[in-house]
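Hi,

Here is the structure I promised to send over. Have a look through it first, and then read on for what turned up.

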Amino acid sequence: MRVMPLMALLPLFVVLPASAQLVDHTVTVNDKFRERIDIGISTNEIAISSDFSGADITVFGAIDGADELLLATFAYDVVVALEGPRQSTTVRRKERVAGIWINRHSIRFEPIPASYSMSSTRPLPDIANLMELGSRDIGINNIRLVPTGGVGDGSRLTDFREALRRIKQTSGLYQRAPTGVQFISKALFRASVRLPANIPVGAHRVRAVLYKNNEFVMEKVIPLRVVKTGLEQFIYTMAHTYSLAYGIFAVLLATVTGWLGSVIFRKD
């Protein structure tokens, strides 16, 4: 049975205005297989305000050319991840010296996703082997953490990597849902990925990876932009685009505020 293309199925769930059509960012295909994956979301831009406390976005997708028997035996697996902008990260380790806690050691890592929210049909070890997952940065523990510069004898590298992952998960920036992808009608699936309250602004990307009997079939990536709105956006733009003017204004505002406070609460 031939599976209908995703674009024929998506109107059942979401309506995309012409201005919000998503453009493919990356498509990687294993020519060994005929199956193809397609995904879509309702908008390519999410605006967050000062009272934003996190949200879930739903990604719909379909497997074109899927074998009906393999679908029935759960031979297909899908991993969907929302990745934030890539940023260089430095991890520091404090030690107590002469009764004072100071930063004694630090390691800087090459750019990694500032945020990472992943859902899958099954736990990752049941989908593919560790080498395959690591080659595609699939899963929190499989994101490559490559140090830059000198790392000494390397004995602390594992500890720093674990600390970085722990910090990301504790802050809510790295999340996972091992069964967050569900097939809802034959080859049509739905995935829910989390936007944390402290999600960074900028260019994100939604990745969908298809596996068949534990073998990689195809990966598709579409862009998603997260922006601030209202006063927060104005302040963010001023601070990053006109940093000198913003700094001068902040100093003047603090000076005037302090002067007014001394006048108002001055004792005669």
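Which residues does Val 78 touch, leaving aside those up to four places away in sequence? Bear in mind that this is a predicted model. The list for Val 78 runs to Ile 37, Ile 63, Ser 119, Ser 120, Thr 121, Val 181, Phe 183, Phe 189, Val 209 and Leu 210.

Val 78 also shows up when you look at the largest nonpolar core, which has 33 residues. Together with Val 59, Ile 63, Val 80, Phe 189 and Val 206, Val 78 touches the most other members of that core. Several elements supply at least two residues each, including β2, β4, α2 (68–72), β5 (76–83) and β12 (188–195). The biggest giver is β14, with five residues. There is also a second, separate core of 25 residues, and Val 91, Ile 138, Ile 143 and Val 209 are among them.

Now for the sheet. Four strands form an open sheet in the order β2-β4-β12-β11, and the pairing is antiparallel. At the edges sit β2 (36–40) and β11 (181–185), each pairing on one side only. On average, neighbouring strands here are turned by 30° against each other, ignoring direction.

Cheers

Notes: Residues numbered from 1 in each chain as written. Predicted model: local features only at pLDDT ≥ 70, side-chain atom pairs only at ≥ 80, totals over all residues. Heavy atoms only, no water. Pairing = 2+ DSSP bridges. Axes fitted to C-alpha atoms, helices over the stretch in contact; angles between N-to-C directions. Core = buried A, V, L, I, M, F, W, Y, C linked by side-chain atoms within 4.5 Å. Buried < 20%, exposed > 50% of the residue type's maximum accessible area, 1.4 Å probe, protein only. Contact = heavy atoms within 4.5 Å.
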